[in-house]
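Here is a short briefing on one structure. It covers charged contacts, helix packing and surface features.

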Amino acid sequence: MVLILSVLFVLAFILIAIVKYDIHPFLVLFAAALLYGLLSGMSFELIIQSISEGFGGVLGSVGLLILLGVILGTFLEKTGGALVIAEKILSWIGKKSVNLTMMLGGYVLSIPVFGDSTIIMMNPIAKSLAVKSNRSYAGTMIALSLGAMCSHSLVPPTPGPIATAGILNADLGQMIFWGVIVSLLTLIPGYIFVNKFVSRIPLEATIETDQEAISRSDYPSAIKSFLPIIIPLLLIIMASIANYPTKPFGEGQLLGVIKFIGSPVIALLIGALLSFTLPKKLDKKMLSASGWVGKALLIAAPVIFITGAGGVFGKMLQNSGIGTLVSEGMKDANWGIFLPFLIAFALKTAQGSTTVAMITTASIIAPLMGPLGLDSETMKVLTALSVGAGAIAISHANDSGFWVVTQLSGMTVKQGNQSHSLGTLIMGISAILIIYVISLFV
């Protein structure tokens with residue numbers, strides 16, 4: 001009983017500290033872990049051990065992945081490669097399906113680039129397409145934001161899904177495979193919502209043509225722009241396939257090579273190196289502490305440290321023995337795949353950050369995987385996706401993405417709630433239902 005009350009108290013502490021007092025999530029999660037250790041009666045030695053194992057263990061598995069993913073995304077953003085990808089998707093789909101174009105464009109770009117950055121980068125395209133097609137700007141903008149939110153929560157190498165997979169020890173290749181399937185299916189109800197409802201919201205767009213950050217002549221080609229994203233994903237998936245019991249690549253030297261280059265760190269390192277080919281001329285300043293790589297480090301650092309603090313919290317829970325307690329209390333219950341969704345949903349709605357919600361939820365769920373019957377390799381992946389599904393919704397006034405959408409488009413808060421917030425709710429619920437159906441057959 002003491003452990004359960006301690007968990008509830010600490011969760012309340014996390015929400016109040018982040019939401020009401022705006023304290024940095026790293027400090028909150030780290031303090032929560034210490035507080036829980038003391039309240040649960042753990043020995044000082046075990047608390048110190050949990051801090052060391054939790055922080056070092058998680059960062060050792062996901063810290064480099066997050067950093068390399070952010071470097072890749074930064075070079076795509078700075079060189080104009082992200083816009084090249086968006087325009088290529090537009091040319092494939094056609095201007096008549098502008099909402100679908102924006103949704104898929106946001107979806108693809110938000111895999112390597114942060115969701116907010118994706119929306120900011122693609123906003124000029126959303127605006128121009130709304131004007132050229134004589135459609136509501138609300139439709140193109142929300143299609144963009146929902147596409148970005150979907151992959152941001154469900155598809156590695158976005159930091160949140162990578163951190164979640166690392167904490168839950170889920171196979172990253174399977175995470176990408178199932179994440180793509182679940183997220184693409186989740187886009188369908190989102191697309192219907194945009195076309196049937198959001199596009200009716202009257203919102204006009206005005207085009208500003210007085211500035212363009214990068215000269216068009218300096219943009220990389222479409223092939224070069226896609227390679228840093230596609231190659232790492234293919235390598236990771238190949239390595240995952242190579243580990244199948246049927247040994248499709250044999251057991252010789254080829255298997256070793258595939259598993260090496262397909263290991264997440266090496267695959268993303270290759271992606272980051274490929275992104276260095278995107279600038280027309282690679283200036284050494286871009287690789288300096290004050291250049292693009294330096295800026296990527298500043299972006300990645302908070303996510304990495306929040307992930308580490310989440311790892312400490314999870315290890316503290318695990319070492320306190322709460323898993324055994326939950327096993328006893330939930331042996332007749334059947335929460336299954338829905339529990340991680342509900343926790344992430346509550347945390348996301350309460351404090352706004354998708355990444356914080358995912359990392360915190362994964363840290364809470366990790367020691368409970370066995371009692372919940374989620375400890376098989378496939379169920380670990382689906383559990384990680386369940387966390388991502390919960391972290392999609394609800395994006396509202398406490399989420400920076402909500403303000404990016406409303407401020408860039410000129411929507412009122414009411415319109416933002418009717419479109420972006422409601423859209424994330426629809427997609428979050430759709431995603432968990434899809435995941436549940438998949439869990440019945442795998």
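Glu377 and Lys380 form a salt bridge, with their closest N and O atoms 3.5 Å apart. The model is predicted. A search of the whole structure finds 1 salt bridge.

- Glu377 and Lys380 both lie in helix α17, 3 residues apart, so about one helical turn separates them.
- Glu377 is partly exposed, at 44% relative accessibility.
- Lys380 counts as buried because its relative accessibility is 14%, and the cut-off for buried is under 20%.

**Helix packing**
- Helix α17 spans residues 377-392 and packs against helix α16, residues 354-365.
- The angle between α16 and α17 is about 140°, and their axes are 9 Å apart.
- That angle makes α16 oblique to α17, since angles count as roughly antiparallel over 145 degrees.
- The α16 and α17 crossing is right-handed.

**Nonpolar surface patch**
- Tyr436, Val437, Leu440, Phe441 and Val442 make a nonpolar surface patch of about 520 Å².
- Val442 sits in the segment after α19, a helix that covers 413-439.
- Val442 has 48% relative accessibility and so counts as partly exposed.
- Patch residues need over 30% relative accessible area.

**Gly166 and Leu59**
- Gly166 belongs to helix α8, residues 159-167.
- Gly166 is partly exposed, with a relative accessible area of 26%.
- Gly166 and Leu59 are 107 residues apart along the chain, and their C-alpha atoms are separated by 8.9 Å.

Notes:
Residues numbered from 1 in each chain as written. Predicted model: local features only at pLDDT ≥ 70, side-chain atom pairs only at ≥ 80, totals over all residues. Heavy atoms only, no water. Patch = residues over 30% accessible without salt bridge, like charges linked within 9 Å, V, L, I, M, F, W, Y side chains within 5 Å. Areas by Shrake-Rupley, 256 points an atom, 1.4 Å probe, with all protein chains shown as cover. Salt bridge = Lys/Arg side-chain N within 4 Å of Asp/Glu carboxyl O. Helix = DSSP H or I, 4+ residues; strand = E, 2+ residues; numbered from the N terminus. Buried < 20%, exposed > 50% of the residue type's maximum accessible area, 1.4 Å probe, protein only. Axes fitted to C-alpha atoms, helices over the stretch in contact; angles between N-to-C directions. Parallel < 35°, antiparallel > 145°, perpendicular 65-115°, else oblique. Left-handed = near helix turned anticlockwise from the far one by under 90°.
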